2 protein chains.
Amino acid sequence: MMLSFEDFPPGPFGSFGPRRVSREEIIDFAAEFDPQPMHLDDEAARQSMLGGLSGSGWHLCALMMRMLCDGFLLRTASLGSPGVEEVRWQSPLRPDDELMLDVEVIHSRVSGSRPETGIVTFGCRLRNAQGQVLLDAVTPIILKRRDPGAAA
Amino acid sequence: MMLSFEDFPPGPFGSFGPRRVSREEIIDFAAEFDPQPMHLDDEAARQSMLGGLSGSGWHLCALMMRMLCDGFLLRTASLGSPGVEEVRWQSPLRPDDELMLDVEVIHSRVSGSRPETGIVTFGCRLRNAQGQVLLDAVTPIILKRRDPGAAA
């Protein structure tokens, strides 16, 4: 069964994972999209503000998206997203981190211009097995309503 | 010569590109990080809100990061970033789009807690060869100051 707007009331939604991230994945992503020395080279990384090899913040965002897809979005009547309201990179992604994704619904509302849809704003938190928070993001997603005739 | 905090006064900074994005790149990124049908499959994409195959919004973000690196960040005394203030996906990324990145400095300030550094907030806009805006992002980056003794 596909999930719809109505299935996302405000509150905690679920936790997804774990997803282990290898050193090779970190370096491959950085080489393609964020080739700063702190994401590619151990010696340069040791001297960086983060004190050791760390993944690109955008890699964390991409991993969050994949975990959202696998967690529930691929079985949700999603129409896309207008953007991201906020991303906070709280702690560095390290080789062999095992990520968990906690998802909550911050708020949801029926679209004014397209009443057959609604916008659900998700709060997403990635943490590692040690409980450190790596990323917080606030991201709205447009979903189909199951019952567009119902009161907003 | 490395660029420092002082080299980023508020105002337009520069335009970088073009960067052509192939259909294969769009599908490869989506298969790894955002396997929604609208990013992978032509027929599903035709029926989607975006009316045809489109790249993941996170792919656009990653491409922006690479263009920032190639444009100036790899020769800038950057220490990293605390996050992203806002991302707007304005129009879909299409196969064979040629991206240009316009960068401006929205504001900059010396760090209160680490006066040897400053935070420069960049406004980044990706547009295609037809002049459509695909992405707007606001992203702060922490830079070393060349002359930490100078007045803030």
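## Two copies, one axis

In this predicted model, a rotation of 180° with 0.0 Å of shift along its axis superposes chain A on chain B, with an RMSD of 0.0 Å, the superposition being made by least squares on the C-alpha atoms of residues with pLDDT of at least 70 in both copies. The two copies are therefore related as by a two-fold rotation axis. Within chain A, the C-alpha nearest this axis belongs to A:E86, at 2.7 Å from it. The copies meet through the same surface, because 100% of the interface residues of chain A are also interface residues in chain B; contact here means heavy atoms within 4.5 Å.

As for the basis of the values, local features need pLDDT of at least 70 and side-chain atom pairs count only at pLDDT 80 or more, whereas totals for chains, interfaces and linings use all residues. Residues are numbered from 1 along each chain as its sequence is written, chains are lettered from A and ligands numbered from 1 in the order in which they are written, and side-chain values use heavy atoms, with hydrogens and water left out.

Chain A contains four helices and seven strands, where helices (H or I, at least four residues) and strands (E, at least two) are DSSP runs numbered from the N terminus. In order from the N terminus, its elements run β-α-α-α-α-β-β-β-β-β-β, and its C-alpha trace spans about 60 × 25 × 20 Å along the principal axes.

Some backbone details deserve a look in the structure.

A:D96, a residue other than glycine, has a positive phi near 75°, and A:D96 sits in the loop between strand 4 (86-89) and strand 5 (98-110) of chain A.

Turning to charge, the whole structure holds 20 salt bridges over all chains, each being a side-chain nitrogen of Lys or Arg within 4 Å of a carboxyl oxygen of Asp or Glu. One of them joins the side chains of A:R23 and A:D42 at 2.4 Å, N to O. This pair links distant parts of the chain, 19 residues apart, with A:R23 in helix 1 and A:D42 in helix 3 (residues 42-46) of chain A.

A negative surface patch is made up of A:E24, A:D28, A:E32, B:E24, B:D28 and B:E32. Patch residues have over 30% relative accessible area and no salt bridge, with like charges joined within 9 Å, and the areas come from the Shrake-Rupley method with a 1.4 Å probe. Helix 1 (23-33) of chain A and helix 1 (23-33) of chain B are the elements that give two or more residues to the negative patch.

How values were computed. Patches are made of residues with over 30% relative accessible area and no salt bridge: like charges are joined within 9 Å, nonpolar side chains (Val, Leu, Ile, Met, Phe, Trp, Tyr) within 5 Å. Lys and Arg count as positive and Asp and Glu as negative; His and the chain ends are not counted. The place of a charge is taken as NZ of Lys, CZ of Arg, CG of Asp or CD of Glu.
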